[in-house]
Amino acid sequence: MGPERVTFGGRLLPAALITPQLLIVGLFFYWPAVQAVWQSFQMQDAFGLSTEFVWFENYRALFTDPAYYQALVTTLVFAAAVAGLSLGFALLLATMADREIRGSGIYRTLLIWPYAVAPAVAGVLFGFLFQPGLGLIARGLNQIGIPWNPLLDGNHAMILVVMAAAWKQVSYNFLFFLAGLQAIPGSVIEAAAIDGAGPARRFWTIIFPLLSPTTFFLMVVNVVYAFCETFGVIDVLTHGGPGRATQTLVYKVYQDGRIGADLGGSAAQSVVLMAIVIGLTAIQFRYVEKRVAY
């Protein structure tokens, strides 16, 4: 027998069930998106007293700005590093936590907790640990001969924000990887072990391919996270510096709009950022999903 189909007696109940979600999506996503598109065609003074419709002037200025392309490259590097580090580390932790050991439930709970930490709080924690003068880890690095200083060294600053952003996302990835591992039938792994396959071979030929739907989903989520949801980490730790070394697209939107008072240019950047995220997601569904075994 197939799954039972839910049948409603009328249209009022299903409409009432989906209306709150539609209102939330429309209020907090579609309406701001429409406003951003409209504002991207306007030029406004710093006090908002006069507005002029300038068509594509904001986009023309944006695509002729070398700083914007630098922010784009920085964002791509940052997103690839965050997604790769958080996915790899989460898969390692999930594989270890999936073992039947004493107290495994406590370990799993502790590994999930960091997801409740806000990005700004994660930035503060890593800021304390890696602060050049007072940070515990920073002092240890200096003692072993590594002159750690993310305030002056752009590479150090990028490493710091990548670690903080990836740590924030590891718990989310861990939760899905653990669920995927527990959904794999034990008989399949036992049969491979009986056939003589070692742990590494069982993982790469059986377990990892069966996790491909979960991995694909998390790749999409992590790319969106790195592009759009890491503002708090960067703002707390580096403010986009030093020398724009950690200025990502989402942080440049804030700097040009909030600090630089270029509301039209900032709106144009947000529209382009939204288009880039949608395009990357579509590319992943178009090409990466072909290798996913459902």
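This report walks through the fold, cores, ring pairs, pockets and a few single residues of one protein model.

## Basis and overall picture

The model is predicted: local features need pLDDT of at least 70, side-chain atom pairs count only at pLDDT 80 or more, and totals for chains, interfaces and linings use all residues. Residues are numbered from 1 along each chain as its sequence is written, and side-chain values use heavy atoms, with hydrogens and water left out.

The protein has 13 helices and 2 strands. These are DSSP runs, numbered from the N terminus: helices are H or I with at least four residues, strands are E with at least two. Along the principal axes, the C-alpha atoms fill a box of roughly 75 × 70 × 35 Å. Of the 294 residues, 37% count as buried. Buried means under 20% relative accessible area, exposed over 50%, and partly exposed in between (1.4 Å probe, protein chains only). Contact means heavy atoms within 4.5 Å. Among contacts between residues at least 6 apart in sequence, 67% join residues at least 24 apart.

## Cores

A nonpolar core is a set of buried Ala, Val, Leu, Ile, Met, Phe, Trp, Tyr and Cys residues joined through side-chain atoms within 4.5 Å. The largest one has 35 residues, and Phe-78, Val-82 and Phe-227 touch the most other members. Helix H7 gives the largest share of this core, 6 residues. Leaving out residues up to four places away in sequence, Phe-227 touches Thr-75, Leu-76, Ala-79, Leu-249, Val-250, Leu-273, Ile-276, Val-277 and Leu-280. Another core, of 17 residues, lies apart from the largest one; among its members are Leu-93, Phe-174, Ile-207 and Leu-211.

Helix H12 spans residues 249-259, and its buried residues are Leu-249, Val-250, Tyr-251, Lys-252, Val-253, Gln-255 and Gly-257. They pack against helix H3 (66-97), H10, helix H11 (231-237) and H13. Just after H12, Ala-261 takes a positive phi of about 60°.

## Ring pairs

Rings of Phe, Tyr and Trp (its six-membered ring) pair if their centres lie within 6.5 Å; planes under 30 degrees apart count as stacked, over 60 as edge-to-face and the rest as tilted. The count comes to 18 aromatic pairs. Phe-41 and Phe-56 form an edge-to-face pair, 5.2 Å centre to centre with 85° between the planes. Phe-41 sits in the loop between H1 and strand E1 (42-44), and Phe-56 in the loop between strand E2 (51-53) and helix H2 (57-63), so the pair ties together parts 15 residues apart in sequence. Phe-41 is buried, at 17% relative accessible area, whereas Phe-56 is exposed, at 54%. Elsewhere, ring pairs link Tyr-115, Tyr-172, Phe-176 and Phe-217 into a cluster.

## Pockets

On a 1 Å grid over the protein atoms alone, a pocket is an open set of points where a 1.4 Å probe fits, with protein on both sides within 12 Å along at least five of seven lines; lining residues have an atom within 4 Å of a point. Grid points are joined across faces, edges and corners, and a volume is the space filled by probe spheres set on the points. For the linings, Ala, Val, Leu, Ile, Met, Phe, Trp, Tyr, Cys and Pro count as nonpolar, Asp, Glu, Lys and Arg as charged, and the others, Gly among them, as polar.

| Largest | about 460 Å³ | Thr-95, Asp-98, Arg-99, Ile-189 and Ile-207 |

The lining of the largest pocket holds 6 nonpolar, 3 polar and 6 charged residues. H9 gives the most to it, with 4 residues. The lining of the second largest pocket holds 12 nonpolar, 2 polar and no charged residues. Its largest share, 6 residues, comes from H13.

## Two buried residues

Pro-150 lies in the loop between helix H6 (136-143) and H7. Pro-150 is buried, with a relative accessible area of 6%. Beyond residues up to four places away in sequence, Pro-150 touches Phe-130, Pro-132, His-156, Ala-157, Leu-160 and Pro-242.

Gln-42 lies in strand E1. Gln-42 is buried too, at 15% relative accessible area.
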